[in-house]
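Here's a friendly walk through one structure, for anyone meeting it for the first time. Have a look at it first, then read on.

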There are 2 protein chains.
Amino acid sequence: MSEAPSLLNAVCPVPLREHERIVLGHGAGGKLTAALLEEVFLPAFRNPVLERMDDQAVLPMPGGGRLAVTTDSFVITPIFFPGGDIGSLAVHGTVNDLAMGGARPLGLAAAFILEEGMERAALARVVGSMAAAARAAGVEIVTGDTKVVNHGKGDQVFITTTGVGWVPEGVRLSADQARPGDQVLLSGTAGDHGMAILSQREGLEFEAAIVSDSAPLHGLVEALLAAVPQGAVRCLRDPTRGGVATTMHEIAGRSRVGMRLEQAAIPVRPEVGAACELLGIDPLYVANEGKLVAIVAPAAAEAAIAALRAHPLGAGAVRIGEVVERPAGMVLLATAVGGTRVLDTQFHEQLPRIC
Amino acid sequence: MSEAPSLLNAVCPVPLREHERIVLGHGAGGKLTAALLEEVFLPAFRNPVLERMDDQAVLPMPGGGRLAVTTDSFVITPIFFPGGDIGSLAVHGTVNDLAMGGARPLGLAAAFILEEGMERAALARVVGSMAAAARAAGVEIVTGDTKVVNHGKGDQVFITTTGVGWVPEGVRLSADQARPGDQVLLSGTAGDHGMAILSQREGLEFEAAIVSDSAPLHGLVEALLAAVPQGAVRCLRDPTRGGVATTMHEIAGRSRVGMRLEQAAIPVRPEVGAACELLGIDPLYVANEGKLVAIVAPAAAEAAIAALRAHPLGAGAVRIGEVVERPAGMVLLATAVGGTRVLDTQFHEQLPRIC
């Protein structure tokens, strides 16, 4: 038994050593991902910055100030989807991880792993879309790398995007800062990105096509932080892999608080809801790529919602619940029919390779 | 015709649009890689930092000072090899790219793309080796990401490592600063890493096993920079993909100078030379992962060599040639038998997936 506190105990009480081989669920953002982190990565790499387990590391700079660093590999399939492609997603995902730390993006690094045989025109389309997304987000791709693997040892293109950003003085957002009484806000509808990918993969056709919400959120975050007193926003997270439910679970575990959400308050597009019902999937576990969850002090909640709604990417912002003292580490959902459900993290892969 | 100067013309005079699909050579660091950069990546991403085409981007910080950022994907096969594995290599490669900019490493980000079915024990070994390499290099892995792709859509593990580093005041190393008369130094033997990988893959057995030179070079660089007047070191590069020849070609192109190397002066281990001869490969094009090329002012060359030799990783440092005015953009090799050979960059893949 190590004396160091096990940060993921709240998220993953069960040892999962029985998996001798990597399974898709190890990358799904749920219990298996947490177990892999806890059992393989954290014991090896253990250090105070990594152990904060936020979406970005924050490093003090020798010249003063703080630098945020975040990295993500994108392995989504198919690489083109309604509302975007792997190139725009790779920019948005990384810009958003910086934004969730309140950081202003300074530059992106992009590393490409190409599969031998990939169509050059498809690569050019991905790269063009990546460049357009970076321009729209006001950030430049300042360095990069390209590797090629043999046909059958990759899948067209994987992109790893790393972002560096500047954290303004006084901004301190972290998943361990939620306090009982804080309000939980969501900037729009849940599950759009994941269901756009899945319905394209499954060949589902609905009256209204499901479009990914992939978008850069740093402008929305700036507007939010400017509208409330410093410190009133405790924590920001973009609910990607594992969706809103998993994100809430992570914050509850890190802050050692409970979460009480109201199902009726969580907006879901009708076409997303219909697709989820058809496939037996809970939209609260489905990834978004252009939404944020904000934990804010009670007195600032109204101003925060107003600020989010005033921005095009937060027009659908709502209050979806509240931070409570107990049960610590748990997320409870007051269902639309009057019951209460525990939102646990997922064990197995539900939606592989949606980012 | 664009009015912006084409930075890679010197490296790649031939348009290579005929390749409709990605081939292994697009990742080999030679002519095809240059063409892909010039035709696909640079037109899309064009910006002054990226266009410096150094191994690291240097960004001014809002709080003062300069940040170096570098990223590399590692796709080497096999993942375990004599002298290291993909984990230690992923740390050394990135620490070295920072070091070549004179930067002190502040932190590393590591993104893993795992193939479904990978043995968990193999992953743990890679991660452990990565952690040990980071500790030995005095740098921490501060953030990361894990994705899993379906069996047959990856190759056990790909690692993308991004490094951020602090560039001390006054340090300015870039490939465009070589001037006629400058001396070309190499810190040790050429081709060790690439031949270690290739001989393992081909099942070659020699009396002495070929061991990769994979090592972190930031300490060697610090010792070098401390030993000579500021500005005397013009440019540092670690000759990885494409080897010493390709690195010299890049510097010649960027600085618009010629290079004159002496074959007899370039150290090659006997076992590496024997393997190269057997396989018909020129060691000057074979990757190193623990060597550097330094371009230094003539007056500082002696002190620079002494400083390199005083460090364990530079014990075999030698002068291998000189920067000349013409022919600009070309690398000439005075051969051991008294002739002169042009060292062009390579067109096709010679050694796929050696990093």
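## The largest cavity

Sorted by class, the residues lining the largest cavity are 18 nonpolar, 15 polar and twelve charged. Here Ala, Val, Leu, Ile, Met, Phe, Trp, Tyr, Cys and Pro count as nonpolar, Asp, Glu, Lys and Arg as charged, and the others, Gly among them, as polar. Keep in mind that this is a predicted model, where local features need pLDDT of at least 70, side-chain atom pairs need 80 or more, and totals for chains, interfaces and linings use all residues. Residues are numbered from 1 along each chain as its sequence is written, chains are lettered from A in the order in which they are written, and side-chain values use heavy atoms, with hydrogens and water left out.

The lining comes to 45 residues, and A:Leu37, A:Asp55, A:Arg241, A:Glu250 and B:Gly144 are the ones nearest the centre. As for volume, this cavity has about 920 Å³, and the whole structure holds five cavities of 30 Å³ or more. (A cavity is a set of points on a 1 Å grid over the protein atoms alone where a 1.4 Å probe fits but cannot get out; lining residues have an atom within 4 Å of a point. The volume is the space filled by probe spheres set on the points, which are joined across faces, edges and corners.)

Which strand gives the most to the lining? That's strand 6 of chain B, with seven residues. Helices and strands are DSSP runs, numbered from the N terminus (H or I, at least four residues, for helices; E, at least two, for strands).

## Two chains together

In all, 74 residues of chain B touch 74 residues of chain A, contact meaning heavy atoms within 4.5 Å.

Salt bridges turn up here too (a side-chain nitrogen of Lys or Arg within 4 Å of a carboxyl oxygen of Asp or Glu). Two examples:

| Salt bridge | Closest N and O atoms |
|---|---|
| A:Asp145 with B:Arg241 | 2.8 Å |
| A:Arg21 with B:Glu119 | 3.6 Å |

A:Arg21 sits in the segment before helix 1 of chain A and B:Glu119 in the loop between strand 5 and helix 4 (120–136) of chain B, so this pair joins two chains.

How values were computed: On a 1 Å grid over the protein atoms alone, a cavity is a set of points where a 1.4 Å probe fits but cannot get out, and a pocket is an open set with protein on both sides within 12 Å along at least five of seven lines; lining residues have an atom within 4 Å of a point.
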